[in-house]
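Below is a set of questions and answers on one protein chain. Please look over the sequence and the model before reading on.

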Amino acid sequence: SIPFFITFIGLEFVVSWIQKRKLPGRINDGISSLSLGILSRLPDVLFRSIELISYIYVWNNYRLFELPWDSPWTWYLTLLGVDFAYYCFHRMSHEVNILWAAHQVHHSSEYYNLFTALRQSVLQKYTSWMFNLPMALFIPPSVFAVHLQFNLLYQFWIHTEVITKLGPLEWILNTPSHHRVHHGRNPYCIDKNYGGTLIIWDRIFGTFEAEDAKVVYGLTHPVNSFDPIMLQLRPLAHIWSTFWATPGFCNKLSVIFKGPGWGPGKPRLGLPEEIPVITGKEVPFNPCVPAYLNCYAFVHFAVIVDLYTELLASMSTLSQGTVLLRIGFIILSLVSFGLLMENKSKAGILEIIRCLVFIGVYKLGYFRSQFSFLAYAYEV
């Protein structure tokens, strides 16, 4: 899917420039989104998919009956089943604090473009699999696996502002307009439009909201960071501190299992009036850094993308130690780039250490590029 993503991101840049004479985002936010996307996929290098493993286990041991995999009706039913399961999980991810702690990273960008689609959680996949298990009682794993990937890939293209409305399709499908609302922090956007491929579930269960006032993107309380580790884990640290600071055992459980806006004496999802007012003058987080620093981060990030894709292509031939070394270095690099783009005082020291580690392990043969002609350039 990587060539597919790159092609459409390039197309979005071209169309946005033609339409508005501006690009759809910034280098720092784009690198941050891609860093989070890479980070979210690194566990797959070490472990098999829990979604498929659990599904196949239930299918092999507990299925009630078997729908024919070659029947069109099985495929239509699976399309609805996977999308409904996604709706349920997605809604729970906004309404249960511990699930929101994982999902919030996808909403942390204050821009809305195809890079945002790749801003994914490391932890979310370890809870989403449970919502798909009822289908394992009768739908073959092969059919389920196809629709699981289709549902995920479909949601890539709806993360854009260059497409406005799609006419009658807006009644059935989740579209860019509907999903822009979902990513908004305007009060009218909060907890709306959870659908994956279809918008019918939101219309049925009362969570639909049409795009109206200009959408301001991001979290109601912006994180203001490009550090991928901090973006992934800070909400868990917040839950931990709130849990111990909240009196009463039942209240402590509520901190975990009620909404992120809940507090003692409040409704399950918090008070709507406590959502910060949107003025339309909000300025996205964009630290002032020299242009050369952004260029530096961009070039070195491209090197990491090369090493990451090479790791995916060759991981079956590598020792576990080499795989762990590469994963560790990729994580170190993504954190260093984030701190550089924030212009943190200690970022330069971390980057020098990172470069020294790189040249050492590269010369020892633990890293290699997909493109042999770049070997000398990487050392330079």
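Contact here means heavy atoms within 4.5 Å. The model is a predicted one.

Q: Among contacts in the protein chain between residues at least 6 apart in sequence, what percentage join residues at least 24 apart?
A: The count takes in contacts in the protein chain between residues at least 6 apart in sequence. Of these, the share that joins residues at least 24 apart is 72%.

Q: What radius of gyration does the protein chain have, and what would a compact globule have?
A: The C-alpha trace spans about 60 × 55 × 55 Å along its principal axes, and 47% of the 380 residues count as buried. A compact globule with 380 residues would have a radius of gyration near 21 Å. The value for the protein chain agrees with this, at 22 Å.

Q: How many residues does each domain give to the contact between domain 1 and domain 2?
A: The protein chain is divided into domain 1 (1-205) and domain 2 (291-377). Their C-alpha centres lie 28 Å apart. The contact takes 13 residues from domain 1 and, from domain 2, 17 residues.

Q: Which residues does UniProt list for "transmembrane region" (unreviewed entry), and what are the helix percentages of the two spans?
A: UniProt lists residues 323-341 and 347-366 under this name, in an unreviewed entry. The end C-alpha atoms of residues 323-341 lie 27 Å apart, and this span is 100% helix. For residues 347-366 the end C-alpha atoms lie 25 Å apart, and the helix share is 85%.

Q: Is glutamate 351 buried or exposed?
A: Glutamate 351 has its place in helix α16. Leaving aside neighbours within four places in sequence, this glutamate is in contact with Tyr296, His300, Ser336, Phe337 and Leu340. Buried means under 20% relative accessible area. Glutamate 351 has 5% relative accessibility, so it counts as buried.

Q: With which side chain does the side chain of serine 369 make a polar contact?
A: Serine 369 is in the loop between α16 (347-363) and α17 (375-379), and is buried at a relative accessible area of 12%. A polar atom of its side chain lies 2.9 Å from the backbone nitrogen of phenylalanine 371. The side chain of serine 369 also makes a polar contact, at 2.6 Å, with the side chain of aspartate 306.

Q: Is arginine 21 buried or exposed?
A: Arginine 21 lies in the loop between α1 (2-20) and α2. Its phi is positive, about 60°, although arginine 21 is not a glycine. Exposed means over 50% relative accessible area. At 56% relative accessibility, arginine 21 therefore counts as exposed.

Q: What is the relative accessible area of aspartate 191?
A: Aspartate 191 lies in the loop between α10 (176-182) and α11 (200-205). Phi of aspartate 191 is also positive, near 60°, in a residue other than glycine. Aspartate 191 is partly exposed, with a relative accessible area of 25%.

Key: Residues are numbered from 1 along each chain as its sequence is written. This is a predicted model: local features need pLDDT of at least 70, side-chain atom pairs count only at pLDDT 80 or more; totals for chains, interfaces and linings use all residues. Side-chain values use heavy atoms; hydrogens and water are left out. Helices (H or I, at least four residues) and strands (E, at least two) are DSSP runs, numbered from the N terminus. Buried means under 20% relative accessible area, exposed over 50%, partly exposed in between (1.4 Å probe, protein chains only). A polar contact is a pair of N or O atoms within 3.5 Å; within protein, one must be able to donate a hydrogen and the other to accept it, and residues adjacent in sequence count only if both atoms are side-chain atoms. The radius of gyration is taken over C-alpha atoms; the globule rule is 2.2 Å times the number of residues to the power 0.38. Domain bounds come from an automatic or database domain assignment. UniProt positions are given in the numbering used here, feature names are shortened, and annotations may be inferred rather than shown by experiment.
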